[in-house]
Amino acid sequence: MKNNILEVKDLKKTFVMGNGRKIEAVKGISFNVRRGEVFGFLGPNGAGKSTTISMLTTQRTSTSGEVLIDGKSLIKNPSEARRKIGVVAQHNNLDRGLTARENLIYHAKYFGMETKESNKKADEYLEKFGLSDRQHDYVRSYSGGMAQRLKIARAMMHTPDILFLDEPTTGLDPSYRAILWEQMTELNKAGTTIFLTTHYMEEPEQLCDRIAIVNQGELKAIGTSAELKAMIPSNNIVSMKLSELKQNYVEEAKKLPGVEKAVIQNGLLQLYMNNAQPDFNHLIGWTKGLDTTLQNISLSTSTLDDVFIHLTGKGIMNNESK
Ligand SMILES: Nc1ncnc2c1ncn2[C@@H]1O[C@H](COP(=O)(O)OP(=O)(O)O)[C@@H](O)[C@H]1O
Ligand SMILES: [Mg+2]
């Protein structure tokens, strides 16, 4: 058995628009996903996450590059690959003309599951995802949250070797989010590899063994959360709220002792310190010399968002510049 369930080599997707304009959604990314791991694909909206997932799950053809699922070319063996994967797409791709239960049962049938087993699984997942009462209703009558829960249940029905989830928590309230993580973890423990995309930095931090950071169609870094955080100059970040923020404060702050890097982020001046104990007196004294008032100062440890800022100059959740 191969160590990597998924191998991606120089994968590209270029969309050609009606007016001839080209959008390079995925610009040649390469990475491997190990059998049994929970792999996170973290990046802001427009990074190319959904385009990548759609190529890895045979829903879209790639412009170039190679994808191996379980050591076999996806392009040469699409139907074999499809049997091994489960997908929770970002868009609603349920059959709206069927009931919720029928969506699950037909899916199970397509994957060759026996009637008894598929009924048992359907009962279990409808119950877990709070859909038992509405299981005989047509999906077109479902709310967004209910449809999302059903999409997740459907992808889990056939116990795939690798389960792809594209921003699965969007539209889920916190209690179902917890159920999703629980079910996902259970499948993972039983041997299913998980490939999870998200733009919420706290999700991969808590759930993923390794995380790939993507931005504008490029893979910027890959590693455990600790490895990614080790890329940034410091674990200690001083955030200052100032009555007025000017770009030259960033330049001035970089000259302060102990400051490795300075950025403006979320309306705050953030200083990445290269020593364990920032000298607050000195920092407060420095702001007194600026034509602004210090309103708040705080110390925090770095997050994956800080890693993202370090790599791209921008936060994941907003587009404020450095
Ligand atoms: N069908 C399409 N036609 C043209 N451009 C597309 C299409 N799908 C996605 N894109 C573009 O590709 C880029 C990546 O989009 P997407 O993969 O959806 O990102 P993400 O899922 O990370 O938010 C964006 O610039 C988006 O506008
Ligand atoms: Mg997307």
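**View 1. Helix α3 and the glycine that follows it in this predicted model.** Glycine 112 follows α3. Its phi is positive, near 75 degrees. Within α3 (100-110), the buried residues are Ala100, Arg101, Asn103, Leu104, Ile105, His107 and Ala108. What covers these buried residues includes α4 (115-128) and α5 (144-156). An α-helix has 3.6 residues a turn, so residues three or four places apart point the same way.

**View 2. The magnesium ion (ligand 2) and its protein donors.** Ser50 contributes OG and Gln90 contributes OE1. These donors lie 2.1 Å from the ion. The pair joins distant parts of the chain, 40 residues apart. Serine 50 belongs to helix α1 (residues 49-56). Glutamine 90 sits in the loop between β6 (85-88) and α3 (100-110). Serine 50 is partly exposed, because its relative accessibility is 27%, a value between the 20% and 50% cut-offs. Glutamine 90 is also partly exposed, with a relative accessibility of 41%.

**View 3. Serine 54 in helix α1.** Serine 54 is placed in helix α1. Serine 54 counts as buried because its relative accessibility is 9%, under the 20% limit. Its side chain reaches the backbone oxygen of threonine 51 at 2.8 Å. Leaving aside neighbours within four places in sequence, serine 54 contacts Gln59 and Arg60.

**View 4. Threonine 197 in strand β8.** Threonine 197 lies in strand β8 (residues 193-198). This threonine is buried, with a relative accessible area of 0%. The side chain of threonine 197 reaches the backbone nitrogen of glutamate 167 at 3.0 Å. Glu167 is also among the residues that threonine 197 touches, when those up to four places away in sequence are not counted. Leu165, Asp166 and Pro168 are on that list too.

View 5. Domain 1 is made of two segments, 4-90 and 153-228. Domain 2 covers 233-301. Taken over C-alpha atoms, the centres of domain 1 and domain 2 are separated by 37 Å. Both magnesium donors, Ser50 and Gln90, fall within the 4-90 segment of domain 1. Threonine 197 of strand β8 falls within the 153-228 segment of domain 1.

Conventions. Residues numbered from 1 in each chain as written. Chains lettered and ligands numbered in written order. Predicted model: local features only at pLDDT ≥ 70, side-chain atom pairs only at ≥ 80, totals over all residues. Heavy atoms only, no water. Donors = N, O, S within 2.8 Å, 3.2 Å for Na, K, Ca; no water. Helix = DSSP H or I, 4+ residues; strand = E, 2+ residues; numbered from the N terminus. Buried < 20%, exposed > 50% of the residue type's maximum accessible area, 1.4 Å probe, protein only. Domains from an automatic or database assignment. Polar contact = N/O pair within 3.5 Å; in protein donor to acceptor, adjacent residues only side chain to side chain. Contact = heavy atoms within 4.5 Å.
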